[in-house]
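Me: I've got a structure to go through. Can you help me read the rings and a few residues?

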Amino acid sequence: MKLITICIPTYNQCKSLKKLLNQISKYNPSNPIVISDNGSNDDTYKIVKSFNKRFKNLTYIKLKKNYGFDYNYLKCVKNVKTKYFWTIGSDD
């Protein structure tokens, strides 16, 4: 079992999310990842779907609307199943 989950709350950041997921796939592809999408209306879903084959432990949560950062962050963290988690912004 892995020790840490990478949590990525996001909203309309498909381009930077793609860059971030590419970096994670190079350096840390085996850790679980939880992406909570705060009702994005860009191509976030398509980007995440394109990474499903690269990451075996990818969880994608799509919220119906933008509930604000706090709610999105908590939704992401509540889906962690490891002892620790690391939260990173989708635009980092």
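Me: How many aromatic pairs does the structure hold?
Reply: The structure holds 4 aromatic pairs. Keep in mind that this is a predicted model.

Me: How are the rings of F51 and F55 arranged?
Reply: Their centres lie 6.0 Å apart and their planes meet at 25°, so the pair is stacked. The cut-off for stacked is under 30 degrees.

Me: Are F51 and F55 buried or exposed?
Reply: F51 is buried, and F55 is buried too.

Me: What about the rings of Y67 and Y71?
Reply: That pair is tilted, because the planes are at 35°. The ring centres are 4.8 Å apart.

Me: New topic. Where does N72 lie?
Reply: N72 sits in helix 3, which covers residues 69-77. Its relative accessibility is 2%, so N72 counts as buried.

Me: What does N72 touch?
Reply: Leaving out residues up to four places away in sequence, N72 touches P9, T10, S36, D37, N38 and L63.

Me: And I61, where is that?
Reply: I61 is in strand 3, residues 58-62. I61 is buried, with a relative accessible area of 12%.

Me: How far apart are I61 and N28 in space?
Reply: They are 21 Å apart, C-alpha to C-alpha. In sequence, I61 and N28 are 33 residues apart.

Technical notes. Residues numbered from 1 in each chain as written. Predicted model: local features only at pLDDT ≥ 70, side-chain atom pairs only at ≥ 80, totals over all residues. Heavy atoms only, no water. Phe/Tyr/Trp six-rings, centres within 6.5 Å; stacked < 30°, edge-to-face > 60°. Buried < 20%, exposed > 50% of the residue type's maximum accessible area, 1.4 Å probe, protein only. Helix = DSSP H or I, 4+ residues; strand = E, 2+ residues; numbered from the N terminus. Contact = heavy atoms within 4.5 Å.
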